[in-house]
Amino acid sequence: MAVFLPIVPNWQNGVRDTYEFKTDVFTTRDGSEQRRSLRVQPRRSINAAVLLDGERLRTFSDALHLARDGKVEIADFSADGAVLTSTVANGATVLTVDHVPTWLAGGITCVLQTGRQALKVTVELVDGNNVTLSTGVAGSVGQGAQLLPLLPASLGKTTTLSIYTTLVATSAIKFDIEPGTVVRIPDPLPIDGGPDAETTQFFGPAAIFYGRYVLLRKPNYLQQPQMAFNLGFETVDYGRGITKTFTPVPTISRTLTATYLAVSHADAMAMLDIFLRAKGRAGEIYVPTWGNDLPPVKGVTGNNIRVAGTQFFDAYGSDDAHRAVLIRTKSGTLIPHEIVGMTTANGDTLIATTDTIGAAANQIESISWMFVARFAQDNFTIQWLTNGVANISLSFVTLSNLASDDSFGNNWILATGQWRDLGQWHDDSVWIDD
């Protein structure tokens, strides 16, 4: 039987929450990929540092001795918690919370966590913002305490304490959440016909472009994003005489690595949902560079963009990876386009797109590449700085822009609205679901 481990994380060190899929990726000599997802749901693990002093040190040791098979129960430290809005006295059974998360319902067992203690409680009834417990709380519980979900987990075979005095110790613990017991289902998108959910206010209506989700998140430039250019050439060298180089891969792949700041629990879950829908490395999404990637725009006519010089055509005219762009106008509106071809004319490069550009040359602030990409790793780690603010480091590998397996048509936004350059959603767009 799983033993409840009454620990509270030391937020000075943060909490690492990792989700991991398993994908088999077969890569051919020309760089083409065939990917197969080997897990329906990701495995989850939590790394947390805990401070143990006084009574907490003793109860922690007692709990470990009871968990001989490593099976424990812990609070989901990074969950959407229900926060107490007022202090309750010893023996109180009714708690008033700021909101009722989707997981909180009558009949469940959860954790009441304060800044120093964690108590396993059973919820009898939820009526509005009032939560009734089956038994009274032990000791007074202050405003700001949280109700959190209960997670079944497994410990490693060794748990090490760093002992500072006879009464103070710390420990860094990894918990492997029992597979299949607690599964996050991505919040519904407008195309799914579902109701508004926690992440709707941050992710907004889904950005879908030619059958793929679009990551409309700018990285945290204080963390210095990186872009690696991967040249797929091969060199034959027998160690004497001349060498010979071959280029079997027709495109140059890029690896984009960046850190994204989630300013709330819902914001972090919106990012996680993108990873869950893609099933790690198995799926594909669009990832803009947010850079000024094209030469100066000299003119816009219909569905053609004229840029200065022909070097741009020489570099990208036959490259299948560079077949989508994201236009940012000076007013902040984002306009995506698929490229159908490039030609040269009078010393310039003409870029033809599938649809009318939608902005004049003097209205364009910049044009960025928008790559078809996949996640570079099967793991997704949320580094929680607090239980509501997190850093998320992601890496993407760009791919050739081939037709999507699941095509929803050219639906940039599947609802009335538009994305602004700062990631804000405005309900006044002309985009329609066609």
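Contact here means heavy atoms within 4.5 Å. The model is predicted.

Q: What share of the contacts with a separation of 6 or more comes from residues 24 or more positions apart?
A: The protein has 4 helices and 31 strands. Among its contacts with a separation of 6 or more, the share from residues 24 or more positions apart is 72%.

Q: Which residue in β4 stands opposite Phe26?
A: Strand β3 covers residues 23-27 and strand β4 covers residues 33-37. They pair in the antiparallel sense, over 5 bridges. In β4, the residue opposite Phe26 is Gln34.

Q: Which residue in the turn of the β3 and β4 hairpin has a positive phi?
A: The hairpin leaves 5 residues between β3 and β4. A phi of about 90° occurs in the turn, at Gly31.

Q: How many charged residues are in the lining of the second largest pocket?
A: About 820 Å³ of space lies in this pocket. Its lining has 35 residues, and the closest to the centre are Arg44, Asp76, Val182, Val183 and Arg184. By class, 19 lining residues are nonpolar and 7 are polar. The charged residues number 9.

Q: Which helix supplies at least two residues of the lining of the second largest pocket?
A: Several strands each supply at least two lining residues, including β2 (15-20), β5 (43-53) and β12 (146-154). The helix that does so is α3 (265-278).

Q: Is Val389 buried, partly exposed or exposed?
A: Val389 lies in the loop between β28 (379-384) and β29 (390-398). Its relative accessibility is 29%. Buried needs under 20% and exposed needs over 50%. Val389 therefore counts as partly exposed.

Q: What distance separates the C-alpha atoms of Val389 and Val263?
A: Leaving aside neighbours within four places in sequence, Val389 is in contact with Leu261, Ala262, Val263, Gln383 and Trp384. Val263 and Val389 are 126 residues apart along the chain. Their C-alpha atoms are separated by 4.9 Å.

Q: Is Gln224 buried or exposed?
A: Gln224 is found in the loop between β16 (212-214) and β17 (226-230). Its phi is near 55°, a positive value in a residue other than glycine. At 63% relative accessibility, Gln224 counts as exposed.

Q: What is the relative accessibility of Lys279?
A: Lys279 lies in the loop between α3 and β21 (285-288). Its phi is near 55°, positive in a residue other than glycine. Lys279 counts as partly exposed because its relative accessibility is 29%.

Q: What percentage of the accessible surface belongs to carbon and sulfur atoms?
A: Of the 434 residues, 45% count as buried. The accessible surface comes to about 21,400 Å². The part that belongs to carbon and sulfur atoms is 50%.

Technical notes:
Residues are numbered from 1 along each chain as its sequence is written. This is a predicted model: local features need pLDDT of at least 70, side-chain atom pairs count only at pLDDT 80 or more; totals for chains, interfaces and linings use all residues. Side-chain values use heavy atoms; hydrogens and water are left out. Two strands pair if DSSP finds at least two bridges between them. On a 1 Å grid over the protein atoms alone, a cavity is a set of points where a 1.4 Å probe fits but cannot get out, and a pocket is an open set with protein on both sides within 12 Å along at least five of seven lines; lining residues have an atom within 4 Å of a point. Grid points are joined across faces, edges and corners, and a volume is the space filled by probe spheres set on the points. Ala, Val, Leu, Ile, Met, Phe, Trp, Tyr, Cys and Pro count as nonpolar, Asp, Glu, Lys and Arg as charged, and the others, Gly among them, as polar. Buried means under 20% relative accessible area, exposed over 50%, partly exposed in between (1.4 Å probe, protein chains only). Accessible areas come from the Shrake-Rupley method with a 1.4 Å probe; for residues, only the protein chains shown count as cover.
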